[in-house]
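Subject: Structure for you to look at

Hello,

Here is the structure I said I would pass on. Please open it beside this email and follow along.

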Amino acid sequence: MTKHDLSLFSAAQSAEAIRTGRISSEALVEACLSRIEETDDKVHAWAYLDAGVALDQARELDRIRKAGRAMGALHGVPVGLKDIVDTKDMPTQCGSAVFSGRQPEMDARLVEHLREAGAVVMGKTKTTEFAFMHPTDTTNPFDPTRTPGGSSSGSAAAVAARHVPVAIGTQTGGSVIRPASFCGVYGFKPSRGTISRSGVFRTSVSLDHVGGFANSLEDIALLTDVLSSYDQTDPASFARPRPKMLAGARAEAPVEPNIAWLGFPFDDRLDGDTVEGLNAVVEGLEGRVERFSASPQLADLINIHKTIYDYEIRQNMAEISKAHWTELSTEMQSAINRGAEISLAQYEDALAVMASAQSFFAEYFNDFDAILAPAATGEAVPLSAGHTGDSVFCLNWTLAGLPCLTLPLLVGQNDLPIGVQLIGAVEEDDRLLRTASWVQHSLKVQEQQGE
């Protein structure tokens, strides 16, 4: 078995192979480091990486296994962290020179869960400036002239390039779903409040979510199970049991799911090959998808999202912008200026609309198992565009706090990935993952029958 073979292992395969002694964590980490060394001069996925620290973690986890002690669900498995997630033994610089060399004193809550599960924290993946819009230098592993998406740029690219089997991202607009689409991997943003945000740089207390990336549905479910927990210090966290994600991904649908497609006025932003591919998916699901036109109120939710985001990012960036205004990008300066023009009454009205949207979708999913939607406008946009893509097809679902999943199902006219998004009912993430498994299986059967 070569190092290259090990870098292709899934997280679930790796954890099982380490648990049974077929491979060591040290060998797996070495394989990932070798892969990073081979490709990261083009991909630029990592903001911080210390091979010695990674290997020390792996050797300790191997020692624990050999001693017959307890092992976690990700024992010995390498994980990448978006560089807005605090780590006590690595810098967290948030994609900005303003935070250059910043060293937190404590791990984020989610990092505690990863360590408890036996994961090897490999390093920090690159992000756009303060997880907003100004791009970093990360490139798309499928085409170095194109963006991997943002703001979880490095995490999506690292998983696609097989640097690590899984990585952590965050989403406030479309920062998990769109990069997953551009990079041809699975991206999952669970229901708001499923994963603690304590120790993660805040841009919007109302909209920020933690999610992740993987190369299989099983892996993204496994990762989310490890991260899921109640945290009384996070105002969005809920004090209730979480859905069992891996069980959901492995379950068979008891009946064929009912899936909705909502047409929006901004669907004209979709590339032609994306429309063609999505229509093929709908046809391949043989009558299980029902098409509707979104109401004007639903279509306007993207503007509600913008109001809340701009108002809250100005608040959260207040100290930084006061001390470092000239060091901030024009994108961030513009957002802060827009936020200053939003009144408290406008902001509170937007929060009320967000609450009504949550109530609407709570009723909507009584009739449907999932909503099918674009994950992005199409293939990854060129780096020359100066941005990381359009998040419009993610905003409504993020606003409502719904679980969202990118399935890497399509290929565009330039042979680049295009993802398909599935959205589920809040706190029914396991049902969404079960539906996603059914969708994948159904499309595979259709493809085999057509051959």
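Below is what was found in it, taken region by region.

Please keep in mind that this is a predicted model.

A buried helix

Start with helix α8, which covers residues 217–227. Nine of its 11 residues are buried, so the helix is largely enclosed by the rest of the structure. The buried ones are Leu217, Asp219, Ile220, Ala221, Leu222, Leu223, Thr224, Val226 and Leu227.

A glutamine in a strand

Next, go to Gln421, which sits in strand β11 (residues 417–423). Is Gln421 buried or exposed? Its relative accessibility is 0%, and because buried means under 20%, Gln421 counts as buried. The side chain of Gln421 reaches the backbone oxygen of Phe393, at 3.1 Å.

The loop between β3 and α6

Strand β3 spans 120–125 and helix α6 spans 153–160, and Ser151 is found in the loop between them. The peptide bond that leads from Gly150 to Ser151 is cis, and its omega is near 5°.

Phe130 is found in the loop between β3 and α6. Its phi is near 50°, which is a positive value in a residue other than glycine. With a relative accessibility of 0%, Phe130 counts as buried.

Ala131 is likewise found in the loop between β3 and α6. Ala131 is not a glycine, yet its phi is positive, at about 55°. The relative accessible area of Ala131 is 6%, so this residue is buried.

Salt bridges

Side chains of opposite charge can pair when their charged atoms come close. How many salt bridges does the model have? The count comes to 22. Here are some of them.

Arg102 and Asp86 meet through their side chains in a salt bridge, with 3.1 Å from N to O. Both residues lie in the loop between β2 (78–82) and α5 (109–116), and the pair ties together parts that are 16 residues apart in sequence. Arg102 is partly exposed, with a relative accessible area of 28%, whereas Asp86 counts as buried at 14% relative accessibility.

Glu427 and Arg240 form another salt bridge through their side chains, at 2.4 Å from N to O. Glu427 lies in the loop between β11 and α17 (429–450), while Arg240 lies in the loop between α8 and α9 (245–250), so this pair ties together parts that are 187 residues apart in sequence. Glu427 counts as partly exposed at 27% relative accessibility, and Arg240 is partly exposed with a relative accessible area of 42%.

In a further salt bridge, the side chains of Arg431 and Glu428 meet at 2.6 Å, N to O. Arg431 is buried, with a relative accessible area of 16%, and Glu428 counts as partly exposed at 32% relative accessibility. Elsewhere, salt bridges that share partners join Glu26, Asp56 and Arg59 into one network.

Regards

Note on methods. Residues are numbered from 1 along each chain as its sequence is written. This is a predicted model: local features need pLDDT of at least 70, side-chain atom pairs count only at pLDDT 80 or more; totals for chains, interfaces and linings use all residues. Side-chain values use heavy atoms; hydrogens and water are left out. Buried means under 20% relative accessible area, exposed over 50%, partly exposed in between (1.4 Å probe, protein chains only). Helices (H or I, at least four residues) and strands (E, at least two) are DSSP runs, numbered from the N terminus. A polar contact is a pair of N or O atoms within 3.5 Å; within protein, one must be able to donate a hydrogen and the other to accept it, and residues adjacent in sequence count only if both atoms are side-chain atoms. A salt bridge is a side-chain nitrogen of Lys or Arg within 4 Å of a carboxyl oxygen of Asp or Glu.
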